[in-house]
Amino acid sequence: MHESNASTRRPPILLKIAPDLTNEQLDDVVSVVKESGIQGVVATNTTISREALKMPKSELDAIGAGGLSGAPVRARSNEVLRYLRARLPRPFVLIGVGGIDSAEAAIERLEAGADLVQVYTGLIYEGPALLKRINEAFVTWKANK
Ligand SMILES: Cc1cc2nc3c(=O)[nH]c(=O)nc-3n(C[C@H](O)[C@H](O)[C@H](O)COP(=O)(O)O)c2cc1C
C-alpha cells in the first residue's frame, strides 16, 4: 500500500507535560519534540504545587499528595503554553489545558499560542454550556483576527 494512503498514515503523537517543569526542563522538552519528530505538546497536566491555594498547611497536609487541577493551575499552564509556542512554531501543535473555566480563559490560551484547548475541571464546575460559550467566543475571536 502507498505511503500517502490515509489508512496507513501514522497517528499524530503529542507529549503531555506537567506545569511543574522549570523553563530549563521545558527547553529539554522542546529539544525532544524537535528531535523525535512528534507533532506537538499538550500543556499541561495537573500540578503537584500547592502555592496557589490559601488553605492552612495543616488542611493541605491532611488532604495529602496528588495532582491539583482547575483555577490554581491556570496561570502557569498559560505561561508554559506561551513559552513553548515561542520555541515550537506552527506546524507544531500545542493543545492548551489547565484551569480553562470561561470563554475569557480559553481566548487567553489561544492568545498564548494554542491551536486547540481542552477543558476538564471547568466542565465539572460550569457544565456543558461552557463549551457553547467558548465556541462562540472562538468564532468572534477568529472573525476579528
Ligand atoms: C480526576 C482527574 C483525572 C485525570 N486523568 C487524566 C488522564 O488519565 N490522562 C491525562 O492525560 N490527564 C488526566 N488528567 C489531567 C487533565 O486532563 C488536565 O490536563 C488537568 O486536569 C488540567 O486541566 P483542568 O484544569 O481543565 O482540569 C486528569 C485530571 C483529573 C482532575
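**Note on the fold and helix packing**

1. The chain has six helices and four strands. The model is a predicted one. Along the sequence, these elements follow the pattern β-α-β-α-α-β-α-β-α-α. Taken along the principal axes, the C-alpha atoms fill a box of roughly 60 × 35 × 30 Å.

2. Four strands form an open sheet, in the order 1-2-3-4, and the pairing is parallel. Strand 1 and strand 4 (116-118) are the edge strands, each pairing on one side only. On average, and with direction ignored, neighbouring strands of this sheet are turned by 20 degrees against each other.

3. How is strand 1 joined to strand 2? Strand 1 (residues 14-17) and strand 2 (residues 40-43) run parallel and are joined by four bridges. As an example to find in the structure, Lys 16 has Val 42 in strand 2 as its bridge partner.

4. Strand 2 also pairs with strand 3 (residues 93-97), in the parallel sense and over four bridges. Here Ala 43 has Gly 96 in strand 3 as its bridge partner.

5. Which elements make up the β-α-β unit? Strand 1, helix 1 (residues 23-36) and strand 2 do, and the unit is right-handed.

6. The remaining points concern helix pairs. Two packed helices are described by the angle between their axes and the distance between the axes. Each pair below is therefore given with both values, followed by the residues in contact.

7. Helix 1 and helix 3 (residues 71-87) have axes that come within 10 Å and cross at roughly 45 degrees. Helix 1 is therefore oblique to helix 3. The crossing of helix 1 and helix 3 is right-handed. On the helix 1 side, the contact is made by Asn 23, Leu 26, Asp 27, Val 30 and Lys 34. On the helix 3 side, Arg 76, Val 80, Tyr 83, Leu 84 and Arg 87 take part. By class, the residues of the contact of helix 1 with helix 3 are five nonpolar, one polar and four charged.

8. Helix 3 and helix 4 have axes that come within 9 Å and cross at roughly 25 degrees. Angles under 35 degrees count as roughly parallel, so helix 3 is roughly parallel to helix 4. In helix 3, the residues in contact are Arg 74, Ser 77, Asn 78, Leu 81 and Arg 82. They meet Ala 105, Glu 108, Arg 109 and Glu 111 in helix 4. The contact of helix 3 with helix 4 has two nonpolar, two polar and five charged residues.

9. Is helix 4 oblique or parallel to helix 6? The axes of helix 4 (residues 103-111) and helix 6 (residues 129-143) come within 8 Å and cross at roughly 45 degrees. That angle makes helix 4 oblique to helix 6. Helix 4 passes helix 6 in a right-handed crossing. Helix 4 contributes Ala 103, Ala 106, Ile 107, Leu 110 and Glu 111 to the contact. Helix 6 contributes Leu 130, Arg 133, Ile 134, Ala 137, Phe 138 and Trp 141. The contact of helix 4 with helix 6 has nine nonpolar residues, no polar ones and two charged ones.

Definitions and conventions. Residues numbered from 1 in each chain as written. Predicted model: local features only at pLDDT ≥ 70, side-chain atom pairs only at ≥ 80, totals over all residues. Heavy atoms only, no water. Pairing = 2+ DSSP bridges. Helix = DSSP H or I, 4+ residues; strand = E, 2+ residues; numbered from the N terminus. Right-handed = clockwise from strand over helix to strand, strands pointing away. Axes fitted to C-alpha atoms, helices over the stretch in contact; angles between N-to-C directions. Parallel < 35°, antiparallel > 145°, perpendicular 65-115°, else oblique. Left-handed = near helix turned anticlockwise from the far one by under 90°. Contact = heavy atoms within 4.5 Å. Nonpolar A, V, L, I, M, F, W, Y, C, P; charged D, E, K, R; others polar.
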